[in-house]
Amino acid sequence: MHIRAHALLVLALALSATAAAAQAPTPVNGDATAGRRLFVDDGCANCHGTRGLGSGVAPSLVPLLPRDAFVRQLRAPLRAMPAYTAAVVSEGQVDDMIAYLRSIKPGKPAADIPLLHD
Amino acid sequence: MSDKPRLGRRRFLQGAALGGAAAAATPVIAQTPDASSPAPGVVRRTPPTPSLEETMRPVPDLYTQSSSGGDFMVDCMRGLGIEYVAATPGDSFKGLHESIINYGMTSDPKLTFITTMHEEASVAMAHGYAKIEGKPMACMMHAAVGLQHGSMAIYNAWCDRVPIFMISGANLDATRRGDKIDWLHAVNDGPGLVRDYTKWDDTPPSLQAFSESAARAYKFAMTPPYGPVLLAVDKPMQEGPLPEGRKPTVTRAPRTLPPQADDAGLRELAKALVQAENPVLVADRAARTPKGLMLMVELAELLQAAVIDMGARMNFPWRHPLNQSARRQAVLREADLVLGMELTDFYTVINTPAGMRGQTRRNLGPNCKTVSLSSIEFYMKANYQDYERMADVDLSLAGDAEASLPTLIEQVRLLVDAGRKSAFQARGQKLAAAHKAAFNRSRQLAAAGWDDSPISVPRMCMELWEQLRHEDWTLANPTTFQSDWPQQLWTADRHHNLLGVAGGAGQGYTAPASLGAALANKRHGRITVAMNGDGDLMFGPGILWTAAHEKIPILYLVHNNRAWHQETMLVQTVANRRERGIDRVKIGTAITDPNIDYAKMAQSMGVFAIGPVTNPADLGPAIKKAMAVVKAGEPALIDVVSQGR
């Protein structure tokens, strides 16, 4: 259950970073197809789900952090997430992943899902 | 009929005839064994070569018997209230095996043989059974290699503090060992293999000693902290007749009462709880029985205290307003008193590991007091480190938590006055609001990836819940690998709703333990379900045959994330640290190429099965179909291709 608390903390940070930015996302020049392959093959999907929509061990990445905050979390993550240095994920590959994650539409809210209501 | 051996008359006459014919036909025969020339006039005679028929003819069993040591052992087990024995057959307990099937199963009260495909399954079935039924069932393991097979499951039961009555065959007399297998499977001190993680063991030398040891073993198993116990039983004792003269008597096990903590200590604890502004009750195996769950609710409601359920058992209702398990860190940070009840690991309640070099971070405030109430203080062994890291606790009370709760509640009740009651009510209202907020947050998070394929784990859990919610059910799997989504979203308030953890986290536990729980649940008319990891299932898929063969109703949902997912993440962490090859971490962790077809595998063993299910929209109808099979008394399996966690 402590893993879920970590997920909430990272989500809170993500939301506050997004609110603080409060502007259109920084354009990136990445390849979403290559980004999807990286996201799945490099293990991000193991924790964040194959579409970055989260799981019990890691938060949803949609809507996405601004690029700077995303890279900070990637290179020097909080708590349980392993670090992805530039030797592992280059700056160009970061752009590919961001392009992929930005292409994902958020799922429907809980209010629209009957099974999530008593 | 006499139990004395009788020589076959035909063989006696045969031997006499051979001797007579030889004497008539030959001259003086040299008896020297070497190749040197015999004396003149003396002819060397070599023994006749046996015919093919003679070499193939089995040596006839020369005995019949009208009484049996094995039958007496069955009576001893019945006397202890044991109803089932799970086993994969083995030569070293064939005497007891025959007694069970031809005596135990054909007379009352029945002792029934449950056939498994692996000794690990036998022990794990007994593990799951005991957690539902509140008493042990038995399992048998062949000497040496059988016990070796079962050893991991015994370790799980030891760590999980569960009573299991185990028997292993033995072949102690070297002069009675027939062939090389008898020697390969003979060991002087068989129980020594598992002595570090069994509560007690014995190798009784006689039937009367077996009777007394069985009762003693049962008593130890059922005195908290519960644990597995083992008797090694020599083959001749099982297989032979009852001894002449004094007939052995069945020894009964006494009624046992669990140890309660010291009265003065409980009074001190009660005072501290009443005076605390933010007490937190942390329970792991506190609710040993359904009564324990009721007592936990009574104490928490009396104090209006936050409760964190660590999940080794069903300790507290999941939707109770005081249940703060989903916001554990926040609650611990605010606590001024933490009471840990039958905790596996108090250290990581107080501290969180922070890094790979042994650093930790304290979860509690600097002035928070800690009290431990646990029966484990009475009994621990040193070799295996399941006792976890030494926690910095202010007061340690040795006593069974459930047995101590009535006295603790009574003392708390005496101390609560109008002023404290008012403070408690205010605290309770805040906790209830926090619980509701956490529940709503969980629902929001569960929506993420709702329509994804592979199927999201919250989706899998909620589709299952939709079919379970109006039934009397048990969720038999540990829920860590499903990120505890059931605890976050389902409603559960009965002790049997959650079976709990494996104990030693040994993989291969879930499927057989769930089946053992289902065996116990059969008489209560309950539905047993298990979300079973794919890697975990593959340690012992033969349990599916047992489910079909023994007609035990259970629903398995294979949580098929096509990997040993935990290990995938662990290896990935190392690869990241070494800045290399993170795209290769699937080597040695993925279960793909080919993908296993769990439905076909289950069908091959007689289990109704659907799958692989990859479209989340298909999952609800599949579960409904499978549930109908389970309600009709048969096992069913659905292969759910799902996300990692």
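1. In helix α4 of chain B (residues 94-104), the buried residues are G95(B), L96(B), H97(B), S99(B), I100(B) and G104(B), where buried means under 20% relative accessible area, exposed means over 50% and partly exposed lies in between (1.4 Å probe, protein chains only). The cover over these residues of α4(B) includes α3 (69-79), α9 (235-239) and the strands β3 (84-87), β4 (112-115), β5 (138-141) and β6 (164-170), which belong to chain B. Helices (H or I, at least four residues) and strands (E, at least two) are DSSP runs numbered from the N terminus.

2. This is a predicted model, in which local features need pLDDT of at least 70 and side-chain atom pairs count only at pLDDT 80 or more, while totals for chains, interfaces and linings use all residues. Residues are numbered from 1 along each chain as its sequence is written, chains are lettered from A and ligands numbered from 1 in the order in which they are written, and side-chain values use heavy atoms, with hydrogens and water left out.

3. For chain B as a whole, there are 23 helices and 20 strands, and buried residues make up 53% of its 645 residues. Among contacts (heavy atoms within 4.5 Å) between residues of chain B at least 6 apart in sequence, 79% join residues at least 24 apart.

4. Helix α5(B) (residues 119-133) and helix α6(B) (residues 145-159) pack at an angle of about 30°, with their axes 7 Å apart. That makes the pair roughly parallel, a term for angles under 35 degrees. Residues from α5(B), among them V123(B) and A124(B), meet residues of α6(B) that include M152(B) and A153(B). The residues of this contact divide into six nonpolar, five polar and two charged.

5. A second pair in chain B is α3(B) with helix α8(B) (residues 207-221), which pack at an angle of about 20° with their axes 10 Å apart. Here too α3(B) is roughly parallel to α8(B). On the side of α3(B) the contact is made by G69(B), F72(B), M73(B) and C76(B), and on the side of α8(B) by L207(B), F210(B) and S211(B). By class, this contact has five nonpolar, two polar and no charged residues.

6. Elsewhere in chain B, R441(B) lies in helix α15 (residues 418-446) and is partly exposed, with a relative accessible area of 37%. From C-alpha to C-alpha, R441(B) and Q488(B) are 9.6 Å apart in space, although 47 residues apart in sequence.

Note on methods. Axes fitted to C-alpha atoms, helices over the stretch in contact; angles between N-to-C directions. Parallel < 35°, antiparallel > 145°, perpendicular 65-115°, else oblique. Nonpolar A, V, L, I, M, F, W, Y, C, P; charged D, E, K, R; others polar.
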